[in-house]
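Thanks for sending this one over. I have put my notes down as numbered points, with the model open alongside.

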Amino acid sequence: MYSQTRNLKIISEINVVPYIDVMLVLLIIFMVSSSSLFFKGVDVDLPNMAAESASALLKEKDVNFLVIEINQKGQLGLSVNNKKLQQNFSIESIILRVKKELLIQPSSIVVIGGDVLTPYSKIIILLEALRYAGISKVGLLTDIKE
């Protein structure tokens, strides 16, 4: 019998396959966790009004609508129940008039209607001025689709 033990050498290598597996698992964990860290959303309370209830609200007689209109030049106007008041209000006079109308009828609905060409920054400034004055429930007027 011939023995082959004489020709065998000891191989001293590190098996790297388990380390590669661990590194791939860690890479996947870091990729998943980093995507959830960078893409955070903003909590927004969206209106939940159906078209039927919106039209019913428009038909009510005791609801007072205050529409603050702003055009592309930044000029402000106010309408109370579709009756146009004086144009070219300042922000301060609009706030005083809206507060006065809300004291008379607290259930009034305040909305802002902007021209298509109105810069959004002017609407934001108006919203912030109303919020700072204590008028926190303000809506944005959109086209009515029937």
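1. Leu96 sits in helix H3, and it counts as exposed because its relative accessible area is 61%, where exposed means over 50%. Please keep in mind here, as throughout, that this is a predicted model. Along the chain, Leu96 and Ala133 are 37 residues apart, yet their C-alpha atoms are separated by 9.0 Å.

2. H3 covers residues 91–104, which makes 14 residues. From its first C-alpha to its last it reaches 20 Å, close to the 20 Å expected at 1.5 Å a residue. Which residues of H3 are buried? They are Ile94, Ile95, Val98 and Glu101. Viewed down the axis of H3, these buried residues fall within an arc of 130 degrees, so they line one face of the helix. An α-helix has 3.6 residues a turn, so residues three or four places apart point the same way. Leu96 belongs to the other side of H3, where Glu92, Leu103 and Ile104 are exposed as well.

3. Glu101 deserves a look of its own, as a glutamate on the buried side of H3. Its relative accessibility is 10%, and because the cut-off for buried is under 20%, Glu101 counts as buried. Setting aside neighbours within four places in sequence, you will find Glu101 in contact with Asn64, Leu66, Val80 and Ser108.

4. H4 runs over residues 120–132, has 13 residues and reaches 18 Å from first C-alpha to last, close to the 18 Å expected at 1.5 Å a residue. Its buried residues are Ile123, Leu126, Ala129 and Leu130. Seen down the axis of H4, they fall within an arc of 125 degrees, so they line one face of the helix. Turned away from that buried side is a face with the exposed residues Tyr120, Ile125 and Tyr132. After H4 comes Gly134, whose phi is positive, near 100 degrees.

5. What covers the buried residues of H4? The cover includes helix H3 together with strands S1 (65–70), S2 (76–80), S4 (109–114) and S5 (138–140).

6. The largest nonpolar core ties several of these elements together. Of its 18 residues, those that touch the most other members are Ile68, Leu78, Ile94, Val98, Ile112 and Leu130. At least two residues of this core come from each of S1, S2, H3, S4 and H4. H4 gives the most, with four residues.

7. Not counting residues up to four places away in sequence, Ile68 touches Gly77, Leu78, Ile94, Val98, Val110, Val111, Ile112, Gly113, Leu126 and Leu130. Among these, Ile94 and Val98 are buried residues of H3, while Leu126 and Leu130 are buried residues of H4.

8. Ser79 has its place in strand S2 and is buried, with a relative accessible area of 6%. Its side chain makes a polar contact with the side chain of Glu69, at 3.3 Å. Ser79 and Glu69 lie ten residues apart in sequence, and their C-alpha atoms are 7.8 Å apart in space.

9. Finally, the whole chain. How many helices and strands does the protein have? The secondary structure comes to four helices and five strands, and from the N terminus on the order is α-α-β-β-β-α-β-α-β. Of the 146 residues, 20% are buried. Among contacts with a separation of 6 or more, 54% are between residues 24 or more positions apart. The accessible surface is about 12400 Å², and carbon and sulfur atoms account for 61% of it.

Note on methods:
Residues are numbered from 1 along each chain as its sequence is written. This is a predicted model: local features need pLDDT of at least 70, side-chain atom pairs count only at pLDDT 80 or more; totals for chains, interfaces and linings use all residues. Side-chain values use heavy atoms; hydrogens and water are left out. The expected span of a helix is 1.5 Å times one less than its number of residues. Buried means under 20% relative accessible area, exposed over 50%, partly exposed in between (1.4 Å probe, protein chains only). The arc is that of the directions from the helix axis to the C-beta atoms. Contact means heavy atoms within 4.5 Å. A nonpolar core is a set of buried Ala, Val, Leu, Ile, Met, Phe, Trp, Tyr and Cys residues joined through side-chain atoms within 4.5 Å. Accessible areas come from the Shrake-Rupley method with a 1.4 Å probe; for residues, only the protein chains shown count as cover. A polar contact is a pair of N or O atoms within 3.5 Å; within protein, one must be able to donate a hydrogen and the other to accept it, and residues adjacent in sequence count only if both atoms are side-chain atoms.
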